[in-house]
Amino acid sequence: MIRLACLGLFLLFAVAQDPADKVRALADKLGSDEIAVREEAARDLARIGVAAVPELRKAAAESAGEKKTLIDRLIQRLIGFGRPSWVSIEAKDRPLPEIAGDLERQTGIPIRLVGSATEGRATLSAKDTILWKIVEDVCRARGDLMYRFQDDGIEIYPSKFRALPSVDKDGMRFFIDRFIWTGGEDKHPGHFREHAALLVPRGTRVVWIGWKIAEVTDDKGNNLAQEPERGGGVIGGPLVPLDPCGYKVLPTSRAFFHPFYFHRLNQPPPAADATKFSRIRGTVHVAVAEGLEVLASIPTPLSGPSTPSREGIPSLGIPLWKEEDGHLLLHINAAWNADCERNLWRDIKPLLILYEKGGDWQVSSRWYTHSRLSPKDVDRIDNFMNFSWPKGSSAVSLDLVAPHPLAMIEIPFDFRDIPLR
Amino acid sequence: MLSAFLAIALAQAGDSTVRSLVDAINERDPAASFRAISDLVDLADTRREEVEKEASRLPAFYRDVLLSELKTKRELRERFGRGARIDLKGENRRLWDYVDDLNRPPGMKIEVNPYYRENLSKESLDVELKNVWPLEALVRLCDRTNFYVGGVWDSQVHLVSRGQPLNPYQPPPWFFYRNIAIPQPAPRWRKLIDFRGSPRWTAIFRISPTLGPETKVVMWKDLKVIEATREDGTELKLAAPEDTAIPGYEWLSPSGAPEEMEIAFDVGERGGSKLVKLRCSVVGRVPKEWRRYVLDKLDGPEGGRAEDDEFEVTVRDPSPGDLPFVGYVPQLRIRPKRIPHAELAKVPVTVMLRWDTKNAPGSTGFAFTGKGESTLAGLTWSGCLRPAKYGNGDTVRRLVSLEVLIPTGLQDRPIFMEFRDIPLK
């Protein structure tokens, strides 16, 4: 009887617990002396994602010492990793538009149905499952639907389903979409290129993607990833695509999809009589800015011209700007201290982030192409920066930030038997 | 050893009858068929009814070509292109001597850069070309001398040097018809492996017509495949658009779709076969006239302006507010008065420039946007209309005058072409 009463109480607590209370309870556990308890609480909070941040901020304000440090760090991490892409859904022969709407509400990622997909129905059951897998499973089960990524959303459209080589880790997915084999004749076998993408929770501050290809072996035994003297390659040469094997990414609050291609210059195709790749193996590295160290900031940047920077002092100014054809063009003066994590910054660079009313934010693409770190202690830039700026947009602040600290995620992949013919 | 013999003679259809010309058109010899079509088109000036009546005996493709040509000749008149053929023969003469011969009637207007004439293609050539169109003769000469026939400007075709290409130029088989020359396209290969099973090769062909000076095409549209037959008699199908999960990162075509003047065929397996017959059509847009606007008083507070019943053309320096964003680049605006702006979308505009400094760029161009009421375009090159200095104190180059050329009254010039035995490898 007592057991039953306890169970009843537990269930009542479990069902009726306020999300804020749950976050507070988990935050308390972060102060536990036991590492396992702290780690489990951190994992559970990560599942809740950025929604837990307001309560965690309150908890941090009431905490001190190591617990406060831990909560502050966790807040940064939750913001850095965006809105979690895990979803739970139960649907029995339910219209696809309803399913899409449910998934969109849980992840913030727009899911659009195209053509006859709007009239489809599906049955599925998932708990804490990554969104990309659910979308794939719906299309696979139907067989007549496929998904694609357009702008800031996912489209499900009528087409024969094709299973893409993919791997999931930490709420992210790495997949290969296609190989492109171009050219080729007797003397020059042509060129081979891989198109791939990384999917992350919406708004994750991915600032860099790298990859290391350990093996690309066709069914004739040629490993294109090895040097010819080591027994591989039709012509030879590592498949490792670019030096420094990285792809710089422009994060925005809306981004969840980072496509890229990789190939080596003049990378040869597989053997002419090869029918498949027996194995493609390697690792994708993802750098996520858990924190953003503010170097300089302009609140309400479009309220009036602001003071240009001065040499030697990290600062930011906008003497001029104009809005045109859905873009905001800013004349920027900026200076920042470059004597910090120099090697890392050479790849990552500081970011110029424009925060918009409503919480969205974006990084200037032109900033990315123009900013350089020099051996000087202070670097500066005086240039025009471009932001996407639909009518009615409003700026809250413009920040010059260093992505710091960085979290490095490794996603190993090992794909087998990919047909070439 | 100087020239032994040279003759240019008009090789007319002679006393060919309409019936015998129609009999000469058949599926076996496309070159002879198109020559006969050309002669029939000219004969129709005086014997139209007879030509149209006999056309009904022709195979469908050639009948459609002939009827289209009859219609187009009536519409374009002198811009249609002459059909007279010539003989060109000579020994031990330089390219430029033959070009001079072609430059006289009944040949065609050709402009040669004096530098080329003095310094390039000094070797002697023996030539014997019979019953060829002037453009055909010029292309044949160019193929032997590292030149190619460039675009039409000021009613003349230009010869352009191929320079020193990395891979030696190998003349392709050509399709010729009157003042039209089109090299037989060679496939560019592409295979999409998208894990759907059985990936297939796509062969992409680019069509690159060259036209004689009478027919200045300013834009192209509607490239169509009429027939594409393999050795085994099967029809080659156009490749479907690529269906991928992520937008592509292709330089030219994100989706892998062919460009405007390209055709993509789904070939399946590659090698060992050929395209025995490829018939296509494309439509060139030929202006009736060129509207010319000269703006030579540019230093007033309102910049320069010229207009007539058709267009208003204005040029100004950027406003002080825009200057930091666009720099010293004169802004040209063209507002059509009669033709709706949307109808002018993609129509190219040529601008000739004269500056107050030597060795300054002489021309630029842009296309009408078709959006709003007018097209605004920067003139590409930096400079200004009124005196100005850069931040470092240097003087900004000034634009003294400009001439704007707008093609108007665009008419269609449908072009039909036929190629045989294109290797699919």
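**Entry 1. Strand β11 of chain A**

I began with strand β11 (residues 257–262) of chain A, where five of the six residues are buried, so the strand is largely enclosed by the rest of the structure. I took a residue as buried if 20 or more other C-beta atoms lie within 10 Å of its own, as exposed if 12 or fewer do, and as partly exposed in between, with C-beta atoms placed from the backbone. Helices (H or I, at least four residues) and strands (E, at least two) are DSSP runs, numbered from the N terminus.

I note that this is a predicted model, in which local features need pLDDT of at least 70 and side-chain atom pairs count only at pLDDT 80 or more, while totals for chains, interfaces and linings use all residues. Residues are numbered from 1 along each chain as its sequence is written, and chains are lettered from A and ligands numbered from 1 in the order in which they are written.

I then looked up the partner of β11(A): strand β8 (residues 191–199) of chain A pairs with β11(A) in the antiparallel sense over six bridges. Pairing requires that DSSP finds at least two bridges between two strands. Within this pair, H258(A) of β11(A) has L198(A) opposite.

**Entry 2. Chain A and its helix α4**

For chain A I recorded nine helices and 20 strands. Of its 421 residues, 38% are buried. Among contacts in chain A with a separation of 6 or more, 67% join residues 24 or more positions apart; a contact means C-beta atoms, placed from the backbone, within 7 Å.

Which residues of helix α4 (residues 53–61) of chain A are buried? I found E55(A), L56(A), A59(A) and A60(A). Seen down the axis of α4(A), these fall within an arc of 145°, so they line one face of the helix; the arc is that of the directions from the helix axis to the C-beta atoms. The face turned away from the buried side carries the exposed residues P54(A), R57(A) and A61(A). The cover over the buried residues of α4(A) includes α2 (19–29) and α5 (65–80) of chain A.

**Entry 3. Contact between the chains**

I counted 30 residues from chain A and 20 residues from chain B in the contact. On the side of chain B that touches chain A, β9 (188–193) and α7 (323–326) of chain B each give two or more residues, and β9(B) gives the most, with five. By class, this side of chain B has 11 nonpolar, four polar and five charged residues. Here Ala, Val, Leu, Ile, Met, Phe, Trp, Tyr, Cys and Pro count as nonpolar, Asp, Glu, Lys and Arg as charged, and the others, Gly among them, as polar.

I also found that four bridges join strand β7 (residues 172–182) of chain A to β9(B), and that the two run antiparallel. In β9(B), I193(B) stands opposite F179(A).

**Entry 4. A sheet in chain B**

I traced an open sheet of four strands in chain B, in the order β16-β23-β20-β21, with antiparallel pairing. β16 (289–295) and β21 (363–367) of chain B stand at the edges with a single partner strand each, so one side of each is left without a neighbour in the sheet. Strand β20 (residues 348–355) of chain B and strand β23 (residues 399–408) of chain B are joined by six bridges and run antiparallel. One bridge partner that I noted is V404(B) in β23(B), for V351(B).

Terms used. Contact = placed C-beta atoms within 7 Å.
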